[in-house]
Amino acid sequence: MANSASGHPGIANGQAVDVADIPAMAVPEFLESVARAIEQGMRASAFFGQPLEDGRLRLWALLALDNQSLLFPYRADFDDWHYPSLTPRCPQLHWFEREVFEQWGMEPRGHPWLKPIRFHAPYRHNPSAADSKPSPQIGVTDFFQVEGEEVHEVAVGPVHAGVIEPGHFRFQCHGEEVLHLEISLGYQHRGVERNLIGGPGSRSIHLMETLAGDTTIGHATAYSQALEALSGDQVSARAQMLRGLALELERIANHVGDLGALAGDVGFLPVLSYCGRIRGDFLNLTALICGNRFGRRMIRPGGVCYDIDRAQASELQRRLDALEKDLAVALGLLWKTSSVMARFEGTGGISRQDCEAMGLVGPAARACGVERDIRSDMPSGIYQFAQIPVSTCGSGDVYARAHVRWLETIRSIAFVREHLANLPAGEIQTPLSPLKPNSLAATMVEGWRGEICHVALTDANGHFSRYKIVDPSFHNWFGLAHALRGQQISDFPLCNKSFNLSYCGHDL
Amino acid sequence: MLDILLARIQQKHRTMKYPDGPAPQLPGNYLGRPELAPGDCPFGCQRCLDACPTAALNRHQDRLGLDMGRCLFCGECVPVCPTQRLSFTLDYRMAASRRADLVTDAQGSCLAGALDAPRRRLFTRALNLRQVSAGGCNACEADSNVLTTIGWDLGRFGINFVASPRHADGLLITGPVPQNMRLGLLKTYEAVPAPKVVIVVGSCAISGGPFAGHEEVLDGVGDMLPVDLFIPGCPPHPLTILDGILRLLGRLSETS
């Protein structure tokens, strides 16, 4: 059984453990155990470095065993500045190993694609390295190139055509066909993780709310749950439910916006117009609760800042009913229009096997038929008591990613409606005790893009010695690049929108 | 075809009357323009200064000031004030023409005025903007973009977001400007033909916001580019953004 390999019985989502209770492994044992566990079906939710005082690096792997709702922490301290890469055995570690190399100079030897992902100077310098490399220049890397007659290259970004964040895309094409797409990010790097060390401080919650602003509720909830795990305090059922309602409203607003934008990308303007307006009105529901359309100020460690009184609840219900009706008409039009379906179906397909290998999460994974949803696999907060069915679709293409969003929207609306009428009683804020020292807390939240994973490590004084954030986009950007293979380059906007990944959530 | 027409009828006319009619009602918990009540702070009181995550509050010779360009509108300062001097109103109008005008004190602050006459004449009926996200978290971007939806219909003012800086009259910039976006932002600015306007949206683009002081960012646009309009907020409400742009174009009266 995989769960014996880490030497730890596993932790639940939102649980804190003493680091001393997680056995330190020898490096070869760590590498073999992690690789084998992933080969046997566990998923890498986080894989990151933590600098030790003696200059060595501790590597952490947090592996998820979904069907048992358990997370397994693995750790090993590395004397060397290199190790044999695990990516050839476990493709889903591809991006993680690049990140560890970029942040800490720990070289995964034999990695097939070892390039910067954020283009910043390393946080640790190898004293024995003879030549100190110059700081990386954003976007300057050796892009893969396809050679041959009539092969051409298309470079897009960092500044794109729409009102959208920056990133660079390099297409290798033969005529219209994309042979290969390389995605090079880092333009949004704001140093979030580095500046959380020593926290929590007065800025920490604001960094969480803005590290991906369209996922304010998701990340603020993951952060708050990490602090609550480390302080050992329980949040009231009412506060948990209010968090759940805010999270589902965030999901609905974003999914509706994406469905409209997908219609826009195939030139079907009525649905683009309707969904754009409806999305804004869903944001207004969040604003009705906390005053801010993106849920700023709503979630705080210990609970929430805003309650919903009876008048607000009935106003929310009234608006929800009207919006649901408008949405059904708008999206009914989308599904009925054969010229739209012709563009959605069969475009940007990913097989279930590739999805599992790449470790995709969220609607992108569920669109490949994979039942992977933190709300059901590793429920925390209110999802331990109130369930939402997992929405899947098998075809793995743009259609499937759109359809999953639609199913989730319907189910989230039903969830909000049901629980608005039955809010549990209780306080909405619980004061937190000091954080436990020398501990690890791992929290996972199913944000609208997928699995959000936060890992907090505290020092002897209960301050963050490391705070790792894995936005769902971190898992999925490679999936987008993969989905473009063999597609027409003119389908890129459509494929891109069907994933709608976060640049700043990735770049941190 | 019939389905499309039926859906169109069902979805109704949605464009708001503002600015000819009333602005849409903001929710009761909305935190808009901050207000400092006249009066003195208790001697040596530091509480609001300590509570502020971004040093938006300052005190010079016992006069309290609040810099909306740094403010995240988190409201942390309100409950800690022993004399209830601080409050956030439901007023969405906050855009300013000069950085210094974003600092509000007991006298209030000064709203944005119109562009200089030559640019006002050029842009008042047609303004094409290139949006540049430079480290923006996608909230300011989303609430700028929402202005193009049918509820707001930015196009009715002749204002559009365009794909190329070559087609633009100016930039609308969001985000704290990471080191990694410095060159991208400068090149985009240079690609816009003169005369041009620069609008910065959100506390990040004005001051670095929650990222101020990180060595990875430049703390906003700062002196890098000549800014014509500052729109504070984290993120600003779409109404705040629209109000600011309309003032810049001289399409709202000074007193409205």
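**Close-up views of a two-chain predicted model**

**View 1. An open sheet in chain B with parallel pairing.** The sheet has 5 strands in the order β7-β6-β8-β9-β10 (chain B). Strands β7 (159-161) and β10 (229-231) of chain B stand at the edges. Each has a single partner strand, so one side of each lacks a neighbour in the sheet. On average, neighbouring strands are turned by 25° against each other, direction ignored. Helices (H or I, at least four residues) and strands (E, at least two) are DSSP runs, numbered from the N terminus. Strands pair if DSSP finds at least two bridges between them.

The model is predicted: local features need pLDDT of at least 70, and side-chain atom pairs count only at pLDDT 80 or more, while totals for chains, interfaces and linings use all residues. Residues are numbered from 1 along each chain as its sequence is written, and chains are lettered from A and ligands numbered from 1 in the order in which they are written.

**View 2. Strands β8 and β9 of chain B, with a helix on the sheet.** Strand β8 (residues 170-174) of chain B runs parallel to strand β9 (residues 197-201) of chain B. The two are joined by 5 bridges. Ile173(B) has Val200(B) in β9(B) as its bridge partner. Helix α8 (residues 238-248) of chain B packs on this sheet. The strands that α8 of chain B touches are β7, β9 and β10 of chain B. Its direction makes about 165° with that of β10(B). Axes are lines fitted to C-alpha atoms, for helices over the stretch in contact, and angles between N-to-C directions run from 0 to 180 degrees. Contact between two residues means C-beta atoms, placed from the backbone, within 7 Å.

**View 3. Two cis peptide bonds in chain B loops.** One cis bond joins Ala194(B) and Pro195(B), with omega about -5°. Pro195(B) sits in the loop between α6 and β9 of chain B. A cis bond also joins Cys234(B) and Pro235(B). Here omega is about -15°. Pro235(B) belongs to the loop between β10 and α8 of chain B.

**View 4. Chain B and its contact with chain A.** Chain B holds 8 helices and 10 strands. Its C-alpha trace spans about 70 × 45 × 35 Å along the principal axes. The contact between the chains takes 49 residues from chain B and 48 residues from chain A. On the chain B side, the elements giving two or more residues are α1 (2-11), β6 (127-133), α5 (139-145) and α6 (182-191) of chain B. By class, this side has 24 nonpolar, 18 polar and 7 charged residues. Ala, Val, Leu, Ile, Met, Phe, Trp, Tyr, Cys and Pro count as nonpolar, Asp, Glu, Lys and Arg as charged, and the others, Gly among them, as polar.

**View 5. An open sheet in chain A with antiparallel pairing.** This sheet has 4 strands in the order β1-β13-β14-β15 (chain A). Its edge strands are β1 (15-18) and β15 (464-470) of chain A, and each pairs on one side only. Neighbouring strands are turned by 15° against each other on average, direction ignored. Strand β14 (residues 450-458) of chain A runs antiparallel to β15(A), and 6 bridges join them. Ala456(A) has Tyr467(A) in β15(A) as its bridge partner.

**View 6. Helices α5 and α14 on the chain A sheet.** Helix α5(A) lies across β1, β13 (439-447) and β14 of chain A. It runs at about 150° to β13(A). Helix α14 (residues 472-483) of chain A also packs on the sheet, touching β13, β14 and β15 of chain A. The direction of α14 makes about 135° with that of β14(A).

**View 7. Helix α5 packed with helix α6 in chain A.** Helix α5 (residues 216-231) of chain A meets helix α6 (residues 237-265) of chain A at an angle of about 145°. Their axes are 8 Å apart. Ile217(A), Gly218(A) and Thr221(A) come from α5(A). Arg243(A), Ala246(A), Leu247(A) and Glu250(A) come from α6(A). By class, the contact residues divide into 3 nonpolar, 2 polar and 2 charged.

**View 8. Helices α7 and α8 of chain A.** The axes of α7 (residues 269-290) and α8 (residues 310-336) of chain A come within 10 Å and cross at roughly 165°. Residues of α7(A) in the contact include Tyr274(A), Ile278(A), Phe282(A) and Leu285(A). Those of α8(A) include Leu316(A), Leu323(A), Leu327(A) and Leu334(A). In total, the contact has 15 nonpolar, 1 polar and 4 charged residues.

**View 9. A positive phi at Asn500(A).** Phi of Asn500(A) is near 40°, a positive value in a residue other than glycine. Asn500(A) lies in the loop between α15 (492-499) and α16 (503-507) of chain A.
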